[in-house]
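Open the structure in your viewer and keep the selection panel at hand. The tour goes stop by stop: select, look, move on.

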Amino acid sequence: MNRKPGGQTIYLPGQEAHPACILIRNGRVIDPANGVDDLLNVGVENGVVNFIGKELPERFRPQEEINAEGMWVVPGLMDMHVHLREPGREDKETIETGTQAAAAGGFTAVACMPNTNPVLDEESKIRYVVQRGMYCPCRIFPIGSITKGLLGEELSPFGEMVRAGARAVSDDGKSVRKSNMMKNALNYSKSFRIPVICHCEDCDLSAGGHMNEGLVSTRLGLRGIPSIAEDIIVTRDIMLAEYTGARIHIAHVSTSGSLAAIRDAKKRGVNVTCETCPHYFTLCDTDIGDYDTNRKMNPPLSTPADRSQIVAALADGTIDVIASDHAPHVSEEKDVEFDAANFGVIGLETSLAVALTYLVDKDILMPADLVEKMSLNPNRILGLDGGTLSKGKRADITIIDPKTKWKVDSADFFSKSRNTPFEGFELKGCAHATILGGAIVYMRNTK
Ligand SMILES: [Zn+2]
């Protein structure tokens, strides 16, 4: 058990007694895959969803009841883009602390990027992450690298990585610079029916930059990264996907140019999906203010006009997924001059609340749309079985409190790092409880 002074508690699976039979009473069950949005009871027994309905089956004897009145009961949330830093940088985050942060954020599954040290570029390293994740409060699906060592020179062995549990490949943190290498990777990925997740950045255009190139970077005297650094590679990767017939997923979309290209490609029937992150639909380059290094990430915060386009693309379905790009850094890498600071911000413990506050509470997304983007779609993209609450399915469930207001204080985080761009934000809504395979792994406001 890991308890925070504020009353949040993580219960570690396999280490303590979990009631085998739980009743979640009178919640608003939102399960878009089954077209369900209704006030219902949910019964969980022996790790699976036993029933969903208005009435309780006669022989159902719960050992624990959760009163979900006023709450939403949804399929367990999934964050398909996180950096857990293990192996190699356990001072920033570990698989243990990262999955606790995930459970506290309402996630029952995360997909972790391979840019660790060593890089996840072969079977044994994928297997290591899978095994370390076995007794964690959140499922981990590793992503293998596209190229060995992320060096862009030689393809990683996709087949053995997939057999060991990798669900996708990506060189995230870097773009695959050579178009021919990317073409080969896309062709290779088809044999394993996995998506290639594209970090889109023209490194020649972005080299030496620290924030979005524009009026604000000029005023602050910082070298800029032009938005076309992203747009060009998004366009290239879409063309390569169209040419090869492979499936791509564009990571952390941040510009209007990328969105236009993706929208167009989807119309043409290209096999492309994409994600954005909470900071791109809430913040923009003007928010860097007084050189706030917790607002420095890659791709950088764009202009207010880009932010409006991202919000519009979430609403019209061009953006399939909301992912955090959780990127922990120790304070020595952030409490420095802006141009010396590392790129990246954490997000697992704020992602849901930021999306609730800025998208659902403002009627940009319906609750069911949010569940699609934070549960169903990431599961489908990675070819996983989760993201729905059908009877007989594994009971990965998130209970969302959509009303409670709270103030972000990174001192309360389960994550090892504190580099949030949302410190001090007043947010509305949070995860009330997280249930993993029928076991309650997280509860807010326990006494
Ligand atoms: Zn990236």
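A crossing of two helices is called right-handed if the near helix is turned clockwise from the far one, by less than a right angle. Keep that in mind for the helix pairs below. The model is predicted.

**Whole chain**

Start with everything shown as a cartoon. The secondary structure comes to 12 helices and 20 strands. Along its principal axes, the C-alpha trace spans about 65 × 50 × 40 Å. Does the radius of gyration of the chain agree or disagree with that of a compact globule? It agrees: a compact globule of 447 residues would have a value near 22 Å, and the chain has 21 Å. Of the 447 residues, 57% count as buried. Now consider contacts between residues at least 6 apart in sequence: 75% of them join residues at least 24 apart.

**Helices α4 and α7**

Select residues 179-190 for α4 and 228-244 for α7. Their axes come within 10 Å and cross at roughly 45 degrees. The two helices are therefore oblique to each other. The crossing is right-handed. Show side chains next. From α4, pick S179, M182, K183, L186 and N187; they meet R236, D237, L240, A241 and T244 in α7. The residues of this contact divide into four nonpolar, three polar and three charged.

Is I248 buried or exposed? I248 is buried, because 28 other C-beta atoms lie within 10 Å, and 20 or more is the cut-off. For a distance check, draw a line from I248 to C274, C-alpha to C-alpha: the two are 8.3 Å apart in space and 26 residues apart in sequence.

H252 is not a glycine, yet its phi is positive, about 25 degrees. H252 is buried, with 25 other C-beta atoms within 10 Å.

**N26, another positive phi**

Jump to strand β3, residues 21-31, and select N26. N26 also is not a glycine, and its phi is positive at about 60 degrees. With 18 C-beta neighbours inside 10 Å, N26 counts as partly exposed.

**The loop between β8 and α1**

Select the stretch between β8 (77-82) and α1 (95-104). P87 is placed in this loop. Look at the peptide bond joining E86 and P87: it is cis, with omega about 5 degrees. E90 has its place in this loop too. E90 is partly exposed, with 15 other C-beta atoms within 10 Å. Draw a line from E90 to L205, C-alpha to C-alpha: it spans 32 Å, and 115 residues separate the two in sequence.

Go to the loop between α9 (278-282) and α10 (304-315), where P299 is placed. N298 and P299 are joined by a cis peptide bond, with omega about 0 degrees.

**Helices α11 and α12**

Select residues 351-360 for α11 and 367-381 for α12. They pack at an angle of about 140 degrees, with axes 11 Å apart. This crossing, too, is right-handed. Which residues make the contact? From α11 they are L352, A355, L359 and V360; from α12, P367, L370 and M374. The tally is seven nonpolar, no polar and no charged.

**Last stop: N379**

Stay on α12 and select N379. N379 is buried, with 22 other C-beta atoms within 10 Å. Leaving aside neighbours within four places in sequence, N379 is in contact with M78, L384, G386 and G387. Finish with one more line, from N379 to F158, C-alpha to C-alpha: they are 20 Å apart in space and 221 residues apart in sequence.

How values were computed. Residues are numbered from 1 along each chain as its sequence is written. This is a predicted model: local features need pLDDT of at least 70, side-chain atom pairs count only at pLDDT 80 or more; totals for chains, interfaces and linings use all residues. Axes are lines fitted to C-alpha atoms, for helices over the stretch in contact, and angles run from 0 to 180 degrees between N-to-C directions. Helices (H or I, at least four residues) and strands (E, at least two) are DSSP runs, numbered from the N terminus. Angles under 35 degrees count as roughly parallel, over 145 as roughly antiparallel, 65 to 115 as roughly perpendicular and the rest as oblique. Two residues are in contact if their C-beta atoms, placed from the backbone, lie within 7 Å. Ala, Val, Leu, Ile, Met, Phe, Trp, Tyr, Cys and Pro count as nonpolar, Asp, Glu, Lys and Arg as charged, and the others, Gly among them, as polar. A residue is buried if 20 or more other C-beta atoms lie within 10 Å of its own, exposed if 12 or fewer, and partly exposed in between; C-beta atoms are placed from the backbone. The radius of gyration is taken over C-alpha atoms; the globule rule is 2.2 Å times the number of residues to the power 0.38.
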